[in-house]
Amino acid sequence: MNFQQEVPLAWYLLLSAALFSLGIVGFLIKRNLITVFMSIELMLNAVNLSFVTFAHQWHAVKGQIFVFFVMMVAAAEAAVGLAIIIAVFRARATLAVDRIDLMKL
Amino acid sequence: MHLILFFLFAGFCLAGAINLLLQTHPINSALSLIVVMTSLAVLYLLLGAEFLAAAQVIVYAGAIMVLFTFVVMLLNAGREERTLGSKAAARLGFPAITVLFAVLATMILHAHDLASASLNDDITSTQDLSRVLFHELLLPFEVTSVLVLIAILGAVALARAGHGDGSVDR
């Protein structure tokens, strides 16, 4: 019966590790402030997939609730981060991370 | 069926993530990130997390990515110059990432007590989830709501034009 096929949870974890590594690569090679921030979101998503996989493994509801909290914190982080990006753009008129290398204005 | 769906959407995920790295225009990167997040929602559903699948689509692919695309369009972010990162990234970063991924993959593949997922596994219903969330974890939930409120206020304070120097342009 082909419809009863099972997927090992290790594959989900491998996918999560691959997405996390791609997120780090993006963080290193992207040169736009917004895409660097998107790479961070990609890493958060990869970790969330790990959480859901382990919640399925141990039949624990709390793992899924942790993902819910991570989502809420990520929403708050995205709002504040994008506001900071807008403030930086207003002060520097550029989004290239190579030219944003000073803390003071 | 589970296998086909897993490979289909895992492929979408990886393709979207790689496309995010290859695109030079931020709006294309944002759209491929939406592909990644929506396929992740399907993977959550395959793992029996129905509430999280819905929340992933609504919160991530909906709210957060709309915010991203809005900021990309607001700032008129153009094409970025393509570099392959700094020298430190090339010499230290990429070997470190390769080692990290290799270590993670080895650990995962050597873990023996990992189960497998199939379509007839039980689904964690929203009812079960909210029972735990609102009985045992009510305080963290309320603290998170305060955190989101503070984040909204902070975002408004940061993004407002003119910081008290009288040069508020309307």
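Visitor: How many helices and strands does chain A have? And which elements of chain A supply the side that touches chain B?

Guide: Chain A has 3 helices and 1 strand, where helices are DSSP runs of H or I with at least four residues, strands are E runs of at least two, and both are numbered from the N terminus. A word on the ground rules: this is a predicted model, so local features need pLDDT of at least 70 and side-chain atom pairs count only at pLDDT 80 or more, while totals for chains, interfaces and linings use all residues. Residues are numbered from 1 along each chain as its sequence is written, and chains are lettered from A, with ligands numbered from 1, in the order in which they are written.

Along the sequence, chain A reads β-α-α-α.

Chain B has 6 helices and 1 strand, in the order α-α-α-α-β-α-α. Chain B is more spread out than a compact globule, because its radius of gyration is 21 Å, well over the 15 Å that the rule gives for 170 residues. Its C-alpha trace spans about 60 × 50 × 30 Å along the principal axes, and 25% of its residues count as buried.

Now the contact itself. It takes 62 residues from chain A and 71 residues from chain B, two residues being in contact if their C-beta atoms, placed from the backbone, lie within 7 Å. On the chain A side, β1 (7-8), α1 (9-29), α2 and α3 (61-92) each supply at least two residues. The largest share, 23 residues, comes from α3(A). By class, that side of chain A divides into 47 nonpolar, 11 polar and 4 charged residues; Ala, Val, Leu, Ile, Met, Phe, Trp, Tyr, Cys and Pro count as nonpolar, Asp, Glu, Lys and Arg as charged, and the others, Gly among them, as polar.

Follow α3(A) and you meet two partners. One is helix α3 (residues 50-74) of chain B, packed at an angle of about 5° with the axes 10 Å apart. Axes here are lines fitted to C-alpha atoms, for helices over the stretch in contact, and angles run from 0 to 180 degrees between N-to-C directions. So α3(A) is roughly parallel to α3(B); the label covers angles under 35 degrees, with over 145 roughly antiparallel, 65 to 115 roughly perpendicular and the rest oblique. Among the residues that meet are F68(A), M71(A) and L82(A) in α3(A) and V59(B), Y60(B) and L67(B) in α3(B). This contact has 18 nonpolar, 1 polar and no charged residues.

The other partner is helix α5 (residues 126-135) of chain B, at about 75° to α3(A) with the axes again 10 Å apart. These two are therefore roughly perpendicular. V61(A), K62(A), Q64(A) and I65(A) of α3(A) touch D128(B), L129(B), V132(B) and L133(B) of α5(B), which gives 5 nonpolar, 1 polar and 2 charged residues.

Then there is helix α2 (residues 33-58) of chain A, which packs on helix α2 (residues 26-46) of chain B at about 5°, axes 10 Å apart. That makes this pair roughly parallel too. The residues in contact include M38(A), L42(A) and L49(A) of α2(A) and L33(B), M37(B) and L40(B) of α2(B), and the class count is 13 nonpolar, 3 polar and 1 charged.

The strands join in as well: 2 bridges link β1(A) to strand β1 (residues 116-117) of chain B, running antiparallel, and strands pair when DSSP finds at least two bridges between them. P8(A) stands opposite S116(B).

Finally, look at F6(B), in helix α1 (residues 2-22) of chain B. F6(B) counts as buried because it has 22 C-beta neighbours inside 10 Å. Beyond its neighbours within four places in sequence, F6(B) is in contact with V7(A), W11(A) and L46(B).

Methods. Rg over C-alpha atoms; globule rule 2.2 N^0.38 Å. Buried ≥ 20, exposed ≤ 12 C-beta atoms within 10 Å, placed from the backbone.
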